[in-house]
Amino acid sequence: MSKRANQDPTVPESKRTRSEAHAVDCADKSCQGCDVGEVEISFVRKDAEGQPIDTEPSAQELLAMAIDEAGNDRNNDNDDENNGIARRLFDMAIAKYQKEEPENRVGYATCLIELGKAIAVQESISEGLEILRGELKKNNTEDILLKLAGAAISLATSIRKEQDAYFEKQQQEIDEDDEVALGELLEKQEVSKQEVKLYKEALEHTRDAFHRLGKDEALLKEAQSVLFEMRSYGLLLVQPFHKEHANAVLDTVIELLQKLPDYEKNDELLLLWAACLLHQEKFVEDEKKKLEMYSKIDELLAKSNVLYFSKNGKENHYVWEMYAMLRINQSNSAEDEDDALDLYDEAIDAFKKAHALDPDNEKLAGMVAMFSALQDQEADEDEFDDEEEEEEEEEEDKE
């Protein structure tokens, strides 16, 4: 059961029911039911005394629950139970907007966009984006500007992820020695005109909104969310010829986050800043500039971790994961071999620290296992080299 908690004692809850039957190919004796079947959702509202009462959520409440459900699902591209619940909630919200709030075009567009993001359907995001463009002409507000910016960058992100998936698939099918084919495939990784138009639209509207932002907490939260979405898109631009586009996006994120109130006391914003710099550093060739960026990233991560600890009583695993990536980059740039090895060891320790803080994180577990294996391999090679040196010295002594 997923719940939306807030201070109102009469908040709707969603209940999911499913048949505890089994899929045709299920052979797991411990399985208690894996055939989800059709998703059925009921809603319960409780009064101040905790007694259930009949209720029907509003379109906005349905949308909020759908977003929560989609956020809880780590496999939104798969047709699993959580995805089915989220999709059903989105469909109910859309129907509710159409039937009971036809004049609320912004809410309807938001629903289409969030649905498209949850189930990776570009057409849904695009439809919502077009509606918001029309609404902006009628009512140029900070809220619509931010929603429009978020929609534009979300569509650009979806297009880029689709292109990356195509690139990876084709790369596996091409002979690694076929430089012509690889070169032609790499050219297709160029940022398309559609992407450029979308991310520039997002940057323009975000800047416009930030120039008018006041102290409204909801708008400030949405502004911060848009910056994180822009960061996500920028981090997808990894090829050397992506430098101009990546910097255009990430420079804007860094500039605007510093306009948010008390950004220097916000661990998430400092971590966001560090993430942008860590990605941009990959495009920098000047060693002095690299060292300056390393120092700034180190400073931001340390401050973010302190703020996070003061709020949560523990360190942030994301900070340590970024420390690990930073140390790897520093190791690759180090001129002295001993310094490079020390930094590499620090990176491994940082990954281990991150995994200890988030032990269920499979990605971190994989990184720790990989680097530990490399460490063991290097240790074996060093031991073998030492033995060879000892044998050579013994032979020399005999002579």
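H10 and H11 are roughly antiparallel to each other, a term for angles over 145 degrees, because helix H10 (residues 267-280) and helix H11 (residues 287-312) pack at an angle of about 155 degrees. This is a predicted model, in which local features need pLDDT of at least 70, side-chain atom pairs count only at pLDDT 80 or more, and totals for chains, interfaces and linings use all residues. Residues are numbered from 1 along each chain as its sequence is written, and side-chain values use heavy atoms, with hydrogens and water left out.

The crossing of H10 with H11 is left-handed, meaning that the near helix is turned anticlockwise from the far one by less than a right angle. In the contact (heavy atoms within 4.5 Å), the residues of H10 include Leu270, Trp273 and Leu277, and those of H11 include Ile297, Leu300 and Leu307. By class, this contact of H10 with H11 has 12 nonpolar, 2 polar and 4 charged residues.

Helix H8 and helix H9 form the other pair, and their angle makes H8 roughly antiparallel to H9. Their crossing is left-handed, and among the residues that meet are Leu227, Met230 and Tyr233 in H8 and Val249, Leu250 and Val253 in H9. The residues of the contact of H8 with H9 divide into 9 nonpolar, 2 polar and 1 charged.

| Helix pair | Angle | Axes apart |
|---|---|---|
| H8 (residues 217-234) and H9 (residues 243-257) | about 155 degrees | 9 Å |
| H10 (residues 267-280) and H11 (residues 287-312) | about 155 degrees | 8 Å |

Technical notes
Axes are lines fitted to C-alpha atoms, for helices over the stretch in contact, and angles run from 0 to 180 degrees between N-to-C directions. Helices (H or I, at least four residues) and strands (E, at least two) are DSSP runs, numbered from the N terminus. Angles under 35 degrees count as roughly parallel, over 145 as roughly antiparallel, 65 to 115 as roughly perpendicular and the rest as oblique. Ala, Val, Leu, Ile, Met, Phe, Trp, Tyr, Cys and Pro count as nonpolar, Asp, Glu, Lys and Arg as charged, and the others, Gly among them, as polar.
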